[in-house]
Amino acid sequence: MEAGRSKAKVAVIGGHDVGKKSLVHRSAFDPVSDRFVSTLGAKVSKKEIVLPVRLRDGTFIDLILWTVHPRVLTQRESALMRGASGILAVCDATRKQTLQELEGLTQAARKAAADAPIVLAINKWDLGSERQIEADDALRFTKAYGAECFFTSATTGENVEAAFQALGERVVIHRRERAADIAKG
């Protein structure tokens with residue numbers, strides 16, 4: 001039995017040079033030039049996800065990825081976040097301050113997308129000798145935001161698909177839970 005196909009707006013957030021665009025390029029259909037990110041404040045790409053792992057019901061979901069410039073979250077009251085069904089929060093494993101900056105960006109994103117599920121991608125994990133972020137740092141973030149965490153590398157592809165897959169699953173599960181709550185009254 002096929003469960004259907006849906007779309008979900010997902011915001012890809014993080015500080016400067018953490019690898020947001022690289023993760024999206026690695027995994028998504030991305031026909032538009034990167035110059036629009038700084039001009040418009042966001043860039044839109046598409047990622048098709050088939051959800052066989054946990055859901056096992058043939059669900060398809062197209063993630064419409066909005067790679068959001070950090071200033072948009074802090075200066076424009078997160079207008080681009082409205083309607084977001086999920087958040088991919090990205091930091092750079094080689095710069096601990098990017099995880100600290102991500103806390104503020106995530107709080108701003110949550111104002112407009114209050115209950116959207118979050119997946120944390122600690123990017124550049126392949127640069128082991130340069131790492132400044134430890135697993136305990138990630139655990140604190142995941143506990144604070146109810147997030148799932150992946151140690152990724154846009155360069156090698158490590159855990160990139162897994163992070164998007166998990167986010168797609170969380171979006172579908174979250175939507176189903178909300179629909180069940182509404183049906184209960």
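**Stop 1: helix 4**

Select residues 97-112, which form helix 4. At 1.5 Å a residue, its 16 residues should span 22 Å. The end C-alpha atoms are 24 Å apart, which agrees. Keep in mind throughout that this is a predicted model.

Now colour the buried residues of the helix. They are T98, L99, L102, L105, T106, A108 and A109.

**Stop 2: the largest nonpolar core**

Stay with L102. Which residues does L102 touch, leaving out those up to four places away in sequence? Select I13, G14, A89, V90, C91, L120 and F141.

L102 is also one of the residues with the most contacts inside the largest nonpolar core.

Which element gives the most? Helix 4 does, with five residues.

Then select V18, A166, L167 and V171. They are among the 22 residues of a second, separate core.

**Stop 3: salt bridges**

The whole structure has four salt bridges. Three of them are on this tour.

Start at D92. The side chain of D92 meets that of R95 in a salt bridge, 3.0 Å from N to O. Is D92 buried or exposed? D92 is buried, with a relative accessible area of 1%. R95 is partly exposed, at 24%.

K124 lies in the loop between strand 5 and helix 5, and D92 lies in strand 4 (residues 86-92), so the pair ties together parts that are 32 residues apart in sequence. Together, D92, R95 and K124 are linked in a network of salt bridges.

Move on to K96 and D137. Their side chains meet in a salt bridge of 3.5 Å, N to O. This pair links distant parts of the chain: K96 is in the loop between strand 4 and helix 4, D137 is in helix 5, and they are 41 residues apart. K96 counts as partly exposed, at 34% relative accessibility. D137 counts as buried, at 7%.

**Stop 4: two positive phi angles**

Go back to K124 and look at its backbone. Most residues other than glycine have a negative phi. K124 is not a glycine, yet its phi is positive, about 65 degrees. Its loop runs between strand 5 (118-123) and helix 5 (135-145). At 25% relative accessibility, K124 counts as partly exposed.

Where is N159 found? Look in the loop between strand 6 (148-151) and helix 6 (160-184). N159 also has a positive phi, about 60 degrees, although it is not a glycine. N159 is partly exposed, with a relative accessible area of 32%.

**Stop 5: aromatic pairs**

How many aromatic pairs does the whole structure have? A search finds two.

Select W125 and F151. They form a tilted pair, 4.2 Å centre to centre, with 40 degrees between the planes. W125 lies in the loop between strand 5 and helix 5 and F151 in strand 6, so the pair ties together parts that are 26 residues apart in sequence. W125 is buried, at 16% relative accessible area. F151 is partly exposed, at 23%.

Then select F141 and Y145. This pair is tilted too: 4.8 Å centre to centre, 40 degrees between the planes. F141 and Y145 are four residues apart in helix 5, so about one helical turn separates them. F141 counts as buried, at 0% relative accessibility. Y145 is buried, with a relative accessible area of 10%.

**Stop 6: H174**

Finish in helix 6, the place of H174. At 15% relative accessibility, H174 counts as buried. What is H174 in contact with, leaving aside its neighbours within four places in sequence? Select D115 and P117.

Zoom in on D115. Its backbone oxygen lies 3.2 Å from a polar atom of the side chain of H174.

Methods: Residues numbered from 1 in each chain as written. Predicted model: local features only at pLDDT ≥ 70, side-chain atom pairs only at ≥ 80, totals over all residues. Heavy atoms only, no water. Buried < 20%, exposed > 50% of the residue type's maximum accessible area, 1.4 Å probe, protein only. Expected span 1.5 Å × (residues − 1). Polar contact = N/O pair within 3.5 Å; in protein donor to acceptor, adjacent residues only side chain to side chain. Contact = heavy atoms within 4.5 Å. Core = buried A, V, L, I, M, F, W, Y, C linked by side-chain atoms within 4.5 Å. Phe/Tyr/Trp six-rings, centres within 6.5 Å; stacked < 30°, edge-to-face > 60°.
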